[in-house]
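Subject: Structure for you to look at

Hello,

I am passing on the structure we talked about.

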Amino acid sequence: MTATDLTRTDRDSVSTLRADGVEFILDVSAGYPAVLHWGAPLGDISPEALRAMRTPAIPHNDLDEPVDPGLMREAARGFMGRPAIRGHRGATGFSPLFAVVDVHSTDRTVSVFLRDTALEVSVEQTFTLTAEGVLLVDMSLTNEGATVYTLDELLVWLPVPDRAIETLDFSGRWLRERQPHRMPFAPGLRLRESREGRPGHDGTIVQCALTENVSFQSGEVWGMSLLWSGGSIHAAERAATGRATLGVGELIEPGEAELEPGAVYRCPTVAAVYSADGLDGMGARSHAWLRSRPSHPATPRPLTLNVWEAVYFDHDLGTLTRLAERAASVGVERFVLDDGWFGSRRDDWSGLGDWTVSAEVWPEGLRPLSDRVHALGMQFGLWFEGEMVNPDSDLYRAHPDWILHVSGRVPPLARHQLVLDLTHADAFAHVLEQVSAVVADSGVDYIKWDHNRMLVDPGHDGVPAVRRQTEAIYRLFDELKSRHPGLEIESCASGGGRIDLGMAMHADRFWTSDQNDPLERQQIQRWTSVMIPPELLGSHVGPTISHSSGRRHGVQFRAVTALFGHAGIEWNILEATDDELEALRAWTAFYRERRSLLHSGRTVRVDHPDPSALAHGVIGEDRSSAVFAYAQCATASGTSPAAFRIPGLDPDAVYRVAAVEFEPAQAVQRRGPAWMAGVHTTGRALAQVGLRAPVLWPEQAIVVVIDRVDADQTVAPPVAS
Ligand code: DGJ
């Protein structure tokens, strides 16, 4: 039987979504929704044939009929893994069983309506396959009964094929976010939970399943990630049957979803990304989808100077004005005044919550600085941490009850601060109005918004409030932006503690990590960009001696590392030497010239044979240009380091390849590899033969610029070796 021979009934029970090399087939023929396929398009195959191929044998000691647990994974079907829904109606209703009531589909979406009539609960699931091949899953649950229904968990679970034999997820800590963990997809449940009321430094940004030997360029990847900045669950389960699934959803605090009759619980959207082209393929899809949002930053990402590691709390108009002038002279386009400008905030013990300019430090307000910054042609940015309050603040003294807490106790302090309860209407209004007034009065174009502690006892009036607090910060950001058109907001949480796809919908930049040591930073950026495109990831040239590691690096390694993001400087460049300033100028000029490529192209992480080096870059959409970095992180294993290949260019095109150094990279060689002086070669040769790396000292890097020889050439590399 071919697809065209199908009966009307069978066709109606199967919905297929296809886009950009991804196919998703949903089958409700059994009366409940089950995924027949999520992966590369299968061609002209009938659902019947697909079902027949997937229907397993019936082993001894099992159910008499084979069961696909479907998307709801009810125990009532005989499924013994983690169900999609966990909830109850008092002491009853522990074992739901849903039946399909209705299905609607269009080219891009399928919606399924399910009901458990006995339990009096309905569920709606909507699958949307975007043009970029990202499957967005929305799910809501309605209490149709006359009594309270308690929802403890509702996850979106999607099956992955048996050939997915490994998992990949990420953990981390302050200064070391998003470290990869790759392991066998073993029987049982791998559960990554974020319980901090934010993803946290340890939160995984995605849960992946991988086929054998997945690399950046090859192999199949299935990744699922939550559009949510509160608590989250990312899970991978291989059942005793051998079948593997990924599950993602909100971590619901006990009692947080007590649904009154008629009440609806909506899961945050889940983004499910399939790639047939390795981890870079997953990144490319996620980047393309994020870039397609109407709210994606459309203007060139301004070269930023943030003053935090330059002056910390030592605010002085004279020094900061000189710093701004120096910044403008090296090509900075946005100057950001960090923590310490408000209330009694002379250190991190006090002042959070009092968002008025300190008359002690800024007797004439912030205007003298912001006007000078604007006169120098730069934007003016300002730091806030509006979700927090220090006990030593006017706000806390006036409203000690405006904190998230459990009645009768005060949560333990972290960085001497507590979490302000933004679900409290007056607290929300206080922050909104104070921040808004400063933005208007002080000429603020840009906000860096911090969030420096985890939520402990996050209660409001005795009930958990993480979800409502998360919705409140989204609302606050949106309201600030609508009041101040053009205002951009950076999401920071002691560095990268709140980087997620939910926040990506409300913020314009993430502070990737407080770790400005380029050696550490190479890894953090490499993995954060598996989901987030580089133009959303702040990356700064830090001080010569790193404040977080004590390591010393020249400008070259720091600048090459910071180039592959939304670039900036976080260093007291009043202390920089003339040579360092010259190197910075060459770098900022290069960034400006190449940022449209860096912020729109395909991010490529090279599969390199020598773990001592990392090679990565960005290839322009039309493949006419590319910018790559070769970073020697430790001593190379061979005396003549391995060639690094550059996959993804047009194989038949001829490219001019040259090395770029903003200051000479330190090397131990009598002579560098021949290509560094410039060579014409093909995309095919770059992918297959690659470029022999120079013998760099450890913790040195170079940039490689690749331009098709027939492409417009208006830009010359600043210094070519
Ligand atoms: C933590 C942030 O990550 C830093 O960049 C800086 O803004 C400090 N907070 C300020 O207190």
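Two strands count as paired if DSSP finds at least two bridges between them. The model is a predicted one.

By that rule, three strands make up an open sheet, ordered E4-E9-E18 and paired in the antiparallel sense. Strand E4 (85–88) and strand E18 (258–259) are at the edges with a single partner strand each, so one side of each has no neighbour in the sheet. Strand E9 (residues 149–154) and E18 run antiparallel and are joined by two bridges. Thr150 has Glu258 in E18 as its bridge partner.

The other sheet is also open and has six strands, in the order E33-E34-E35-E40-E37-E38, with antiparallel pairing. Its edges are strand E33 (602–605) and strand E38 (679–682); each has a single partner strand, so one side of each is left without a neighbour in the sheet. On average, neighbouring strands here are turned by 25 degrees against each other, direction ignored.

At one end of that order, strand E37 (residues 654–660) pairs with E38 over four bridges, in the antiparallel sense. Val657 stands opposite Val679 in E38.

Helix H13 (residues 578–598) packs on this sheet and touches E34, E35, E37 and strand E40 (700–708). The direction of H13 makes about 110 degrees with that of E35. Helix H11 (residues 518–528) lies across E33, strand E34 (613–619) and strand E35 (625–632), and runs at about 45 degrees to E34.

Regards

Methods: Residues are numbered from 1 along each chain as its sequence is written. This is a predicted model: local features need pLDDT of at least 70, side-chain atom pairs count only at pLDDT 80 or more; totals for chains, interfaces and linings use all residues. Side-chain values use heavy atoms; hydrogens and water are left out. Axes are lines fitted to C-alpha atoms, for helices over the stretch in contact, and angles run from 0 to 180 degrees between N-to-C directions. Contact means heavy atoms within 4.5 Å.
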